[in-house]
Amino acid sequence: MTGALVAVVGPSGSGKDAVIDCARAHFEDDVRLVFPQRVITRPAGAGEDHIPVSEAEFAGLEDAGDFAVHWDAHGLRYGVPRHVADAVEQGCVAVVNVSRAAMAGLDATFSNVYLVRVTVAEEVRRARILSRGRETSDDALARLNRPDPAPGHPVALEIVNDRALTDAGDALVAFLEEVVVASGRRRGEPHLVGGGTEGHRR
């Protein structure tokens, strides 16, 4: 594979989808990057623009091998469509919000995986989760108290999303530009683009 998967992780309420949306808008016309929808056993509604399916439909897609990777969390099932792996194999950089519980599956499917972690102060995260209204109070508390399922996995970039959303979005954009350049090098393309990243490197 010459492309890469950028896996954006972080606790519920850290603002992962909002940060990804900033990067999606920036790269809207750039064919080198893809921002695929996830398949989720959750009805369509406010929040993430996903592909809603029933439990039975999800199981059918799973049995047919239509997911590049899938996982369960918070009483829901999540899947990344198989075509994402095809796009990466053809040289694209795919950006996906994933659970750390899925990291083993990502490493088994994609040769080049970069982990970006989004964090935020605990009181801000709590306020965001409780204000979304997507879950019952018990479910919201379960999200708040869920431990990190893969604390030891190396992180390529950490973004602290506690200032303006544009700051966090710019940090992800700068990082993705570097990943695109690295993917071009693997394809033997000349190095035409430079630049650093904002945020905290590890």
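Trainee: How many aromatic pairs does the structure hold?

Mentor: Welcome! This is a predicted model, where local features need pLDDT of at least 70 and side-chain atom pairs count only at pLDDT 80 or more, while totals for chains, interfaces and linings use all residues. Residues are numbered from 1 along each chain as its sequence is written, and side-chain values use heavy atoms, leaving out hydrogens and water. Rings of Phe, Tyr and Trp (its six-membered ring) pair if their centres lie within 6.5 Å, with planes under 30 degrees apart counted as stacked, over 60 as edge-to-face and the rest as tilted. The number of aromatic pairs held here is 3.

Trainee: What kind of pair do the rings of Trp 71 and Tyr 78 form?

Mentor: Their centres are 5.6 Å apart. Their planes lie at 0°, so the pair is stacked.

Trainee: And what are the rings of Tyr 114 and Phe 175?

Mentor: Here the centres are 6.0 Å apart. With planes at 80°, this pair is edge-to-face.

Trainee: Is His 50 buried or exposed?

Mentor: Buried means under 20% relative accessible area, exposed over 50%, and partly exposed in between (1.4 Å probe, protein chains only). His 50 has 7% relative accessibility, so this residue counts as buried.

Trainee: Which residue has its backbone oxygen 2.7 Å from a polar atom of the His 50 side chain?

Mentor: Contact means heavy atoms within 4.5 Å. Leaving aside neighbours within four places in sequence, His 50 is in contact with residues including Pro 43 and Arg 42. The backbone oxygen of Pro 43 is 3.5 Å from a polar atom of the His 50 side chain. The backbone oxygen at 2.7 Å belongs to Arg 42.

Definitions and conventions: A polar contact is a pair of N or O atoms within 3.5 Å; within protein, one must be able to donate a hydrogen and the other to accept it, and residues adjacent in sequence count only if both atoms are side-chain atoms.
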